[in-house]
Amino acid sequence: MTRSALLLRAVNVSGRNRVPMAELREALVPVLGEVSTYIASGNIVCAHPDDPSSACAEVRALIAREFGVDTPVILRTHEALVRALDSHRFDGASEKLLHAMFLEGRPAAGAIEALQQRLVPGERIALVGDDLWIDYAEGGVHSTKLTKAVLDRALGVAGTARNLRTVRKLAELTA
């Protein structure tokens, strides 16, 4: 059985976009069958749906209806996660500072060039397929100019980021 990870953007256990993971797992069973979550930041592991686009749309609608949070839902199969891990271009980067931003599709023309103009010293980015890899400088996401608003505007497509450690764990959980 192929397993996939559904990655929710901007979901946490407290604050504005509160989605309790235990309640989310329970709500998703009728839609996806058996599910598990990994850390409370919107990582759902499930069997690969027959129709990924419909499943993502249905999960998004369910989260909006049940929790009042409208968030993109981005699917990556185990194979896609492994491919992403194998293809990132920043060997030796810190697991904490290197993030994969999984995109819903291809970014807008000129997006990478626009983002490169916003990099702080020490930052690097690389687009590999539908994944934008961001190697943050020592200050991490707190010192970057690549804010959610900047990324959204430049990319023109929804995305959600996970650090290298989380991507590795999701690949393991979907194996």
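User: Why is Arg 60 called partly exposed?

Analyst: Its relative accessibility is 29%. Buried means under 20% relative accessible area, exposed over 50%, and partly exposed in between (1.4 Å probe, protein chains only). The 29% of Arg 60 falls in between, so the residue counts as partly exposed. This is a predicted model: local features need pLDDT of at least 70, side-chain atom pairs count only at pLDDT 80 or more, and totals for chains, interfaces and linings use all residues. Residues are numbered from 1 along each chain as its sequence is written, and side-chain values use heavy atoms, with hydrogens and water left out.

User: What makes Arg 60 and Asp 70 a salt bridge?

Analyst: Their closest N and O atoms are 2.7 Å apart. The rule asks for a side-chain nitrogen of Lys or Arg within 4 Å of a carboxyl oxygen of Asp or Glu. The pair meets it. Arg 60 lies in helix α2 (residues 52-67) and Asp 70 in the loop between α2 and β4, so the bridge ties together parts 10 residues apart in sequence. Helices (H or I, at least four residues) and strands (E, at least two) are DSSP runs, numbered from the N terminus. Asp 70, at 56%, counts as exposed.

User: How do you know that Glu 66 and Arg 65 also form a salt bridge?

Analyst: The closest N and O atoms are 3.8 Å apart, which passes the cut-off. Arg 65 is exposed at 58%. Glu 66 is partly exposed at 48%.

User: What makes the Arg 168 and Glu 95 pair a link between distant parts of the chain?

Analyst: The salt bridge is there, with N and O atoms 2.1 Å apart at the closest. Arg 168 sits in helix α6 (residues 164-173), and Glu 95 in the loop between α3 (78-87) and β5 (98-103). They are 73 residues apart. In total, the structure holds 10 salt bridges.

User: How do you know how many disulfides there are?

Analyst: A disulfide needs a pair of cysteine sulfur atoms within 2.5 Å. The count is zero. Cys 46 is in none; its nearest cysteine sulfur, that of Cys 56, is 8.5 Å away. Cys 56 is likewise in no disulfide.

User: Why is Cys 46 called buried?

Analyst: Its relative accessibility is 0%, so it is buried by the cut-off. Cys 56, at 12%, counts as buried as well.

User: Why does Thr 77 count as buried?

Analyst: Its relative accessibility is 17%, so Thr 77 falls under the limit. The residue is in strand β4 (residues 73-77).
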